[in-house]
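Keep the sequence and the 3D view side by side.

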Amino acid sequence: MKLSLVIPTYNERKNILQLLKKIQEEFKKNNIQGEIIVVDDNSPDGTGKILDETKIKIKNLKIIHRKGKFGLSSAVLDGWKIAEGEILGAMDADLSHPPEKIKELFWEIENGKADFAIGSRYAPGGEIKGWGFKRKLMSKTATLLARVYTKVKDPMTGFFMIKRTCIKDKKINPKGFKILLELIIKANYKIIKEIPIIFNNRIEGKSKAGTKEIFCYLQNLIGYLPYKKKVIREFFKFAFVGGIGTIINVLLLYILTEKVGVYYLLSAIVSFLIAMTSNFILNKVWTFKENIRLNAKKKYFQFTLVSIIVLIVNLFFLYLFTEIFEIYYLISQVLAIGIALIINFFGNKIWTF
Ligand code: GDD
Ligand code: MN
């Protein structure tokens with residue numbers, strides 16, 4: 001057995017048979033030795049029953065019936081537990097992912113061009129059809145947040161394949177929907193490839209993504225921090241650079257005002273700009289280890305914009321803590337700086353660098 005493709009289902013009665021048929025065709029047409037593992041969570045619409053009835057007709061089909069709705073990620077993992085293939089895959093049941101792309105993902109790995117292949121909606125040539133503005137925005141935001149951990153363009157897709165050996169002895173256990181990001185962070189692979197796909201919103205049935213998934217995702221994101229020592233290291237370097245910047249700022253303000261005789265508001269602006277520029281340079285070459293010339297102008301502009309936004313955020317929290325929560329203003333400022341630092345770091349890490 002080469003490929004084990006897991007399809008999690010919850011209320012997919014109107015989709016699953018059509019998808020199974022298409023996958024079978026793809027396997028046959030492209031000579032793929034594959035099995036399909038459907039993991040159903042006791043769907044109230046009777047998906048499980050339909051599957052049992054078809055099982056007799058399809059020989060390389062396995063079905064797992066779980067007692068309740070335990071979530072998409074765990075369904076995929078449970079499917080992989082009984083998988084016999086060397087390549088493990090996952091795909092949605094609602095016909096959103098194009099079965100014609102199975103072969104492309106499969107051959108990338110089978111031919112040794114990659115050990116991890118994902119069906120990407122955000123790679124050039126990929127697309128999402130049928131989603132409204134709100135869903136698109138949510139997806140983009142989630143993808144942007146994941147940038148802290150990976151440069152993969154679509155770490156949220158539910159269509160991917162990975163070599164079994166890449167996850168050997170790894171503890172994979174995400175909450176909720178987003179299993180792929182966790183694999184990207186924890187699995188042991190050399191080459192990951194994004195194959196563009198066109199995602200079509202489902203026609204039958206309803207999406208199971210809800211507010212709960214957002215919270216699971218945020219929880220997951222925080223939980224991954226220890227896996228990325230690099231991010232933590234960058235954070236402390238960034239904070240240190242900020243400290244140096246503050247010293248430069250105050251020192252220059254003093255020198256320009258007292259020794260050179262510049263009007264103090266003007267020298268405040270000048271010293272702020274110089275300190276910010278030095279922060280930018282130090283962060284670029286030291287914190288984020290980038291060549292100083294790489295997109296320097298654009299990045300300097302982005303860095304400046306984040307700095308200004310952070311300044312406003314800082315003032316906002318200073319006001320909030322002091323006036324509304326009635327905290328002593330110097331303590332408020334310490335708290336506000338803490339919040340501003342976090343926003344500053346992630347803002348620049350995700351957007352600028
Ligand atoms: N067994 C099981 N248990 N299956 C589930 C569960 C569950 O609790 N929740 C959802 N599924 C199945 C659905 O039946 C479907 O086959 C697949 O998982 C995806 O669920 P959808 O409800 O169709 O999700 P979506 O279209 O909103 O989200 C898809 O796109 C996202 C990308 O933005 C999924 O592929 C997500 O994984 C992906 O992140
Ligand atoms: Mn869907």
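Contact here means heavy atoms within 4.5 Å. By that rule, Met 161 touches Leu 3, Leu 5, Ile 87, Leu 88, Gly 89, Ile 102, Leu 105, Phe 106, Ile 109, Asp 115, Phe 116 and Ala 117, leaving aside residues up to four places away in sequence. This is a predicted model, in which local features need pLDDT of at least 70, side-chain atom pairs count only at pLDDT 80 or more, and totals for chains, interfaces and linings use all residues. Residues are numbered from 1 along each chain as its sequence is written, chains are lettered from A and ligands numbered from 1 in the order in which they are written, and side-chain values use heavy atoms, with hydrogens and water left out.

Start with the whole chain. The protein chain has eleven helices and nine strands. These are DSSP runs numbered from the N terminus (helices H or I, at least four residues; strands E, at least two). Along the principal axes, the C-alpha atoms fill a box of roughly 90 × 45 × 35 Å. Of the 353 residues, 45% are buried. Buried means under 20% relative accessible area, exposed over 50%, and partly exposed in between (1.4 Å probe, protein chains only). Among contacts with a separation of 6 or more, 75% join residues 24 or more positions apart.

Now the interior. A nonpolar core is a set of buried Ala, Val, Leu, Ile, Met, Phe, Trp, Tyr and Cys residues joined through side-chain atoms within 4.5 Å. The largest such core has 27 residues, and Ile 7, Ile 23, Ile 102 and Met 161 have the most contacts inside it. Strand S1 (3–9), helix H1 (16–29), strand S2 (34–40), strand S3 (61–65) and helix H4 (102–110) each supply at least two of its residues. H1 gives the most, with five residues. Apart from this core lies another, of 26 residues, including Ile 37, Leu 88, Phe 116 and Ile 162.

Next, the helix pairs. H10 (residues 296–324) and H11 (residues 329–352) pack at about 150°, with their axes 8 Å apart. Axes are lines fitted to C-alpha atoms, for helices over the stretch in contact, and angles run from 0 to 180 degrees between N-to-C directions. H10 is therefore roughly antiparallel to H11. Angles over 145 degrees count as roughly antiparallel, under 35 as roughly parallel, 65 to 115 as roughly perpendicular, and the rest as oblique. In H11, the buried residues include Ser 332, Ala 336, Phe 345 and Ile 350. Their cover includes helix H5 (133–146), helix H8 (229–260) and H10.

The axes of H5 and H7 (residues 211–223) come within 11 Å and cross at roughly 10°. That makes H5 roughly parallel to H7. Met 138, Ala 142, Leu 145 and Ala 146 in H5 meet Ile 214, Tyr 217, Leu 218 and Leu 221 in H7.

Finish in the loops. Which residues other than glycine have a positive phi? One is Leu 95, with phi near 70°. Leu 95 lies in the loop between strand S4 (87–90) and H4. Leu 95 counts as partly exposed because its relative accessibility is 24%. Another is Asn 42, with a phi of about 55°. Asn 42 is found in the loop between S2 and helix H2 (47–55).
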